[in-house]
Amino acid sequence: MSKPLHDLLSNALNAIAAHRELIHAVYSKGRYIKNGSKTDRDAYVLHQNRILVSDGRDTYRLSSFMTKLFDEVTQIQRLFELLGDNAGAQINRISQLLDEYSSAFFAGRIEDADHVSAQFHDACADLSDTFSSGISKLLNQAETNFAVVSSIEAKSRQNAHYLRQAGRFSDALESLDRFGIEQQLGAGYCDFEPLAISYRSLISERKAEWHTEIARLLHFFETYLYRLRAIAPDVKRFRQFANFLQQNSGYELPDLEETHHHPLWMMRDAGIRPIAYSDLRDGTTHEYLREIASQLPSPAEITVRERVPGRIERSVNKPTETLKLQPHHVALSRFAKDASLSLTPLSALSWKRQHFPDIGVPDEIWLLLVIHSKNSHRAEFSKLQYHRIERRGVSRISRNLFVRDVMVHGS
Amino acid sequence: MFERVIFQLLEGAFICRVSHPDTFDFLCDENNLRSVEDFFSQIGRRVAKTSKQSGFYLVFAAYGEQERSAIRSNYTEIKNNLIPVISFFNLVIRTTGQEDILMYGTAIEADTLIGKIDQDISLRNELQSLGSRFKASSSDTTQRKLLENIFKRLVNDGYLKLANPERAIYQVTSKIEYLLDVIKFIHETDETLKVGDEQPEGETSSLI
């Protein structure tokens, strides 16, 4: 007794899920060779479910359906893949099923007609899938410029092959129109409604899109093939020349100036940089010019010093730098001078307020400067006597001393 | 647009769909091309197409005394730059195996390229020597930086266009066809190269 359909399907799906790692390995490596391990049993189970096919006594490969499915999923490009070959046969099948349906319908075999209707739906879905997946693969080849191969010759062969495949899709689409399936479905001599629904949704409504894509692909493949064929001699020449250069590193291009033949590339004008100036008499541009001028950085001053040959320039023309004293330095110096001449001790604060009230130095800082001048080891301060007038902090326990003034006089 | 086209051509640019898509479309219109040619005919120049028709560039309308010095200086520049540029494209072909790199519009991924060069010592050495040919290397330049410098140089020279700065993808411009034209001419005219080509055949026949 044959197993029910859903059991077979469940078994197959379970086998795929349970042995997914083995399936992955076989798809990646291309085959599985029996090695006496536990995995041999897993391979056998997959073989029973027709997921692996036996290839000789000890080797298993993934079934072509599974490989095709994974190729679709991973978008792997194969060499010389057959994409549009099935389309013609599938269209024939659709036409035959249509005839079969009308025969069953007119003979009153309703069950047979229902069965054929279901098969017709599947046939339409198969054809639709052939077109969609085939076009998708062709687009992938076109977008990647046949990335699976590298040399120009190999690309040309791939291109020619896929151009033929795209042509087959185009022919298949034309034959769909030629068979007149849509006209038959709409003829009304039979109840084709179930078939028409399938055909319309799976094929008719997508035909325009397929036509556009195939026309685009044909154009691309033809153009690319033309370009590949045109560039092939150049590539060959380029590689020869590059190899020659590698072997003859000292090679220099010949002098071709005196040649009488002037090819187009030699006549090239390498170009100039046109410069234009603003018309300053034109008042309308003034505003823009002013704006531009305001954004320009100030020019750096460049002094050109002419040098006499055979002579080393000494400091004759060297600019002299004058060091300018700060105001408080000047004030300190004057204070020291006044203090040394004064007969009585001179108050630093009073003197500053009298002579330099606006030097920008606060009184506290001035007193600090005066105190520290004592340790400056400069002659003008070394002979002076300093006497600090201090006060203690307000708090009884404060140990802070505040300098209120410094009295200075000569020794 | 007319003005832009005029200036780009005057500056020596190769106008193609990769390098200058807007102005290329403008020049593809026959009426526009005619108006541009009318303008240049008045200053002794004309617009030429690269050998595979993918780009436009400016040429002298005639070979006279005035043009001779410009053509001479152009050829000197080619003499100085041609070999490093050829070496670069040859390195890319050797590294990626993709011969279609010599077709205008082809993309070069800098990251993929440097990844493959890193894995092969001979390619690394070749890149290093290419760097010195381009004067793009110094003692502390890394391989990646070196390649970046070379790419930058080729973008400046108009052979490449930085199509995607984030992913460092460059595209070959129509100037490659100009380069191939120069090689073809040298190949046909330089006797040294013909001797080089014939040598292997001679050796083979003597063996037979």
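Two strands are taken to pair if DSSP finds at least two bridges between them. Helices (H or I, at least four residues) and strands (E, at least two) are DSSP runs, numbered from the N terminus. The model is a predicted one, in which local features need pLDDT of at least 70 and side-chain atom pairs count only at pLDDT 80 or more, while totals for chains, interfaces and linings use all residues. Residues are numbered from 1 along each chain as its sequence is written, chains are lettered from A and ligands numbered from 1 in the order in which they are written, and side-chain values use heavy atoms, with hydrogens and water left out.

An open sheet of 3 strands in chain B has the order 1-3-2, with antiparallel pairing. Its edge strands are strand 1 (15–16) and strand 2 of chain B, each of which pairs on one side only. Strand 2 (residues 45–49) and strand 3 (residues 55–60) of chain B run antiparallel and are joined by 5 bridges. Within this pair, B:Ala48 stands opposite B:Tyr57 of strand 3 of chain B, and B:Arg46 stands opposite B:Val59 in strand 3 of chain B. The hairpin formed by strand 2 and strand 3 of chain B has 5 residues between the strands, and B:Gln53 takes a positive phi near 65° there.

A second open sheet of chain B also has 3 strands, in the order 4-6-5 and with antiparallel pairing. Here the edge strands are strand 4 (107–109) and strand 5 (160–164) of chain B, each pairing on one side only. From one strand to the next, the twist averages 35°; axes are lines fitted to C-alpha atoms, for helices over the stretch in contact, and angles run from 0 to 180 degrees between N-to-C directions. Strand 4 of chain B is joined by 3 bridges to strand 6 (residues 169–172) of chain B, and the two run antiparallel. One residue pair in this arrangement is B:Ile108 with its bridge partner B:Tyr170 in strand 6 of chain B. Helix 5 (residues 110–118) of chain B packs on the sheet and touches strand 4 and strand 6 of chain B, where contact means heavy atoms within 4.5 Å. The direction of helix 5 of chain B makes about 55° with that of strand 4 of chain B.

Helix packing comes next. Helix 4 (residues 65–96) and helix 8 (residues 175–189) of chain B pack at an angle of about 105°, with their axes 11 Å apart. Helix 4 of chain B is therefore roughly perpendicular to helix 8 of chain B (angles under 35 degrees count as roughly parallel, over 145 as roughly antiparallel, 65 to 115 as roughly perpendicular and the rest as oblique). Residues of helix 4 of chain B, including B:Ile78, B:Leu82 and B:Phe89, meet residues of helix 8 of chain B, among them B:Leu179, B:Val182 and B:Ile186. The residues of this contact divide into 11 nonpolar, 1 polar and no charged, where Ala, Val, Leu, Ile, Met, Phe, Trp, Tyr, Cys and Pro count as nonpolar, Asp, Glu, Lys and Arg as charged, and the others, Gly among them, as polar.
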